[in-house]
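Here is a walk through a protein that may be new to you. Let's begin with one spot inside it and then step back to see the whole thing.

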Amino acid sequence: MAMPPKPWPTGLVEQPEPLVRRVLAPNPSPYTYTGTQTYIVGAENEVAVIDPGPNEPAHLDSLIAAIGEAKLTAIMCTHTHRDHSPAAKPLAELTGAPVVGCAPLVLDVEGGPRSDEAFDDTYEPDRVLEDGEQMTGRGWTLTAVHTPGHTSNHLCFALEESGALFTGDHVMGWSTSVVIPPDGDMGDYMKSLDKLYAREDTVYYAAHGAPIEKPRQLVRGMIGHRRQRENQILRLLGEEPSAIEGLVPQMYKNLDPRLTGAAGMSVKAHLIDLERRGIVSRSGNIWQTA
C-alpha cells in the first residue's frame, strides 16, 4: 500500500473514541508505514499506554504531554520488536509506571538464538500477562489475548468497555503481517487469526495504519490470503523444486526491492509450516513437494 500524503499527524494526539487516544511516533519506514502508533487508554485521571514505541526523545515528550496530569497505571507492550517496546524503559523511569504485557523473548540456546536485530533486548517487564489476564483502571479494563505467530510473545489487548482490540502487528491497517522464522511461526499465526475470527470485537486499533472497522471481514480475508500463498507455493513446487530465492519473484510481482528479504522470510515461514505438516520437504536449500 502506498504511503498517504503528508503531513502525517506525527506527535499529535488523536482521539478515535472516548477512552482511546493515539500518538504517532516519528519512525516511518517500509516496515512501519507512517510510524508506530502508541495508544493511551482511559479517562483523564488514570490511563495505560499500549506500545510505547521507539526510544525517541521527541516521541517520549509527546507521550508525556498527552498523559498530562493523569496517573499512568501501566505501560503495556504487545511484543518486543524495536519499533514497539524500547520506549517502555525510559517512560517507566520518567513516570514510575510498571511495564506490563508480553513476555521477554525466549532464547532457545539448543536450537539457536530465537532473537535477531529487530528485537528489543532492553525490555524487562514487571508483570507478564497470560491469556485472559486483565489490567484495570478507573473506567477501563484491558484483557490480554495471546496471539503468537508474528512473534512468539505477541499479545493483543481487548478494551472490554468499548469492544475495541489493540492488535499490535498481528493484524495491521495497511499491510499483512510479516512472519519471520525462527521466532515467527506461520502455524501459530494462522491459529491466532482463527482465534480472532471467533471473537466479536467491533474495531481493531493496529500499531500501523488506520482503524479496522470491519475486523472479522478483514481477518477472514487475511486467512484466505495466507491459504492462497500456501497454494501458490505448492503449485510452483509442483512444477519444479526451487530455492526460496526462485519462488519470491514469481509470487511477489512489482515488490519494493527493500521488502525482498521480508517476502523471502514469509515464504520460508510457509515452507516450514508445510514441512511440519508433511506436505513439502527440502534437500539443502531446495524445496519440493513431499
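Start with Glu230: setting aside neighbours within four places in sequence, Glu230 is in contact with His270, Asp273, Leu274 and Arg277, where contact means heavy atoms within 4.5 Å. Glu230 sits in helix H4, and with a relative accessible area of 7% it is buried. Buried here stands for under 20% relative accessible area, exposed for over 50%, and partly exposed for anything in between, using a 1.4 Å probe and protein chains only.

A word on what you're looking at. This is a predicted model, in which local features need pLDDT of at least 70 and side-chain atom pairs count only at pLDDT 80 or more, while totals for chains, interfaces and linings use all residues. Residues are numbered from 1 along each chain as its sequence is written, and side-chain values use heavy atoms, with hydrogens and water left out.

Now step back. The protein has 6 helices and 14 strands; these are DSSP runs numbered from the N terminus, with helices (H or I) of at least four residues and strands (E) of at least two. Its radius of gyration is 19 Å, close to the 19 Å that the globule rule gives for 290 residues, so the protein is as compact as a globular protein of that length. That radius is taken over C-alpha atoms, and the rule is 2.2 Å times the number of residues to the power 0.38. Of the 290 residues, 51% count as buried. And among contacts between residues at least 6 apart in sequence, 60% join residues at least 24 apart.

Met186, Gly187, Tyr189, Met190, Ser192, Leu193 and Leu196 are buried in H3. An α-helix has 3.6 residues a turn, so residues three or four places apart point the same way. What covers the buried residues of H3? The cover includes strands E9 (140-146), E11 (164-168) and E12 (203-206), along with helices H4 (215-239) and H6 (260-276).

For a contrast, visit Pro5, in the segment before strand E1 (13-17). Pro5 is exposed, with a relative accessible area of 69%. Its C-alpha atom is separated by 9.9 Å from that of Thr34, 29 residues apart along the chain.
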